[in-house]
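Reader: Could you walk me through this one while I have it open on my screen? I'd like to ask things as they come up.

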Amino acid sequence: MKKTVLITGASRGIGKATAIEFAKKGYNVVINYVSNDDAASNLKSFIVENYDVDVMLCKCDVSCEEDVKKMVSDIINNFGHIDVLVNNAGIAIDTTFEDKTVENFRKILDVNLIGSFLVSKEVCKHMLVNKKGSIVNVASTNGIDTYYPYALDYDASKAALISFTHNLSLQLSPYIRVNAVAPGWTNTEQIKEMDKDLIKDESEKIYLKRFAKPEEIAKAIYFLASDDASYINNEVLRVDGGCNHA
Ligand SMILES: NC(=O)c1ccc[n+]([C@@H]2O[C@H](COP(=O)([O-])OP(=O)(O)OC[C@H]3O[C@@H](n4cnc5c(N)ncnc54)[C@H](OP(=O)(O)O)[C@@H]3O)[C@@H](O)[C@H]2O)c1
């Protein structure tokens, strides 16, 4: 029987690369997204045409509790089980400290942190019945160190997601492993507005002298979720090419 993975925020970027990586490994894939119907259905077509797996699209705002409950119930009705959850959906709204607003700060926490909590809570009910499963939270090196002054709210959300990872791995033991990947700069739409000079400066600080490709983050996510990482639990894996931000 094929395993099933639910990846939140999988229509683009790191989530999309992760969906393809799991499909390559023979998983049925659930692609969650919030608005970009074309990107999600193009990805579904690509996977179905290239891999022998089933794909389900779930348009759902991960920060909306009722919608998350319905999404997980629909997935269980369709596939019967969820073996791996990747909490990847995330947003950033970069501004100066003076321009930060309570509304935007809450929005970031709602998606990056509360969304991961809501989806985990619903999915775990089913994983615990089967007494097995694996969760990977997509945090950020910004949740470990401070690199970028404009991301105060984003950094706080990712630090909290790392704390959430540690607490959840304790609570769900010994049945469900919970780990986090902390990517550094990665070439996705999240950084498309970034100033070219800043990209150059930041690349210089990375030992490998370049930003990550989404596929390189996806491979780390897959590894942590897979049975090859069967004794890795409560871990935060930096995937940042080696970095010195001093
Ligand atoms: N790129 C980087 O440099 C970097 C570095 C470290 C960590 N990360 C983290 O890695 C994750 C993926 O980042 P990315 O750069 O691949 O992002 P991205 O290209 O901006 O894609 C974001 C994805 O999240 C989805 N999404 C946004 N809000 C959502 C919501 N409320 N509910 C459900 N889905 C939602 C989007 O769906 P739609 O397409 O429908 O809008 C899209 O699929 C994020 O958690 C991010 O913080 C990124």
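Reader: Which exposed residues are on the face of helix 3 turned away from its buried side?

Author: In this predicted model, the face of helix 3 that is turned away from the buried side carries Glu66, Lys70 and Asn77, which are exposed.

Reader: And which residues of helix 3 are buried?

Author: The buried residues of helix 3 are Val68, Met71, Val72, Ile75, Ile76 and Phe79. They lie on the same side of helix 3 because the arc they cover around the axis is only 130°.

Reader: How many residues does helix 3 have, and what comes after it?

Author: Helix 3 covers residues 65-79, which is 15 residues, and from its first C-alpha to its last it reaches 21 Å, close to the 21 Å expected at 1.5 Å a residue. Helix 3 is followed by glycine 80, which has a positive phi, near 90°.

Reader: Switching to cysteine 60: where is it found, and is it buried or exposed?

Author: Cysteine 60 sits in the loop between strand 3 and helix 3. With a relative accessibility of 5%, cysteine 60 counts as buried, because the cut-off for that label is under 20%.

Reader: Which residues is cysteine 60 in contact with, leaving aside its neighbours in sequence?

Author: Once the neighbours within four places in sequence are left aside, cysteine 60 is in contact with Asn32, Tyr33, Val34, Asp67, Val68 and Met71. Of these, Val68 and Met71 are also among the buried residues of helix 3. Asparagine 32 is 28 residues apart from cysteine 60 along the chain, yet their C-alpha atoms are separated by 6.6 Å.

Reader: OK, pockets now. What volume does the largest pocket have, and which residues lie nearest its centre?

Author: The largest pocket has a volume of about 1,100 Å³. Its lining is made up of 44 residues, and Gly90, Ile91, Ala92, Thr188 and Gln190 are those that lie nearest the centre. Two or more residues of that lining come from each of helix 1 (13-24), strand 2 and helix 5 (152-171), and helix 1 gives the most, with 3 residues.

Reader: How does that lining of the largest pocket divide by class?

Author: The lining of the largest pocket has 20 nonpolar residues, 16 polar ones and 8 charged ones.

Reader: What about the second largest pocket, and which residues line it nearest the centre?

Author: The second largest pocket holds about 290 Å³ of space and is lined by 17 residues, with Lys132, Gly133, Ser134, Arg177 and Asp227 nearest its centre. Strand 5 (133-138) and strand 6 (176-183) each supply at least two residues of this lining, which by class divides into 6 nonpolar, 6 polar and 5 charged residues.

Reader: Last topic: how many cavities of 30 Å³ or more are there?

Author: The structure holds 2 cavities of 30 Å³ or more, and the second largest cavity has a volume of about 30 Å³.

Reader: Which residues line the second largest cavity?

Author: The second largest cavity is lined by Thr8, Val62, Asn87, Asn88, Ala89, Val111, Gly115, Ser116 and Val119. Helix 4 gives the most to this lining, with 4 residues, and by class the lining has 4 nonpolar and 5 polar residues but no charged ones.

Conventions: Residues are numbered from 1 along each chain as its sequence is written. This is a predicted model: local features need pLDDT of at least 70, side-chain atom pairs count only at pLDDT 80 or more; totals for chains, interfaces and linings use all residues. Side-chain values use heavy atoms; hydrogens and water are left out. The expected span of a helix is 1.5 Å times one less than its number of residues. Buried means under 20% relative accessible area, exposed over 50%, partly exposed in between (1.4 Å probe, protein chains only). The arc is that of the directions from the helix axis to the C-beta atoms. On a 1 Å grid over the protein atoms alone, a cavity is a set of points where a 1.4 Å probe fits but cannot get out, and a pocket is an open set with protein on both sides within 12 Å along at least five of seven lines; lining residues have an atom within 4 Å of a point. Grid points are joined across faces, edges and corners, and a volume is the space filled by probe spheres set on the points. Ala, Val, Leu, Ile, Met, Phe, Trp, Tyr, Cys and Pro count as nonpolar, Asp, Glu, Lys and Arg as charged, and the others, Gly among them, as polar. Contact means heavy atoms within 4.5 Å.
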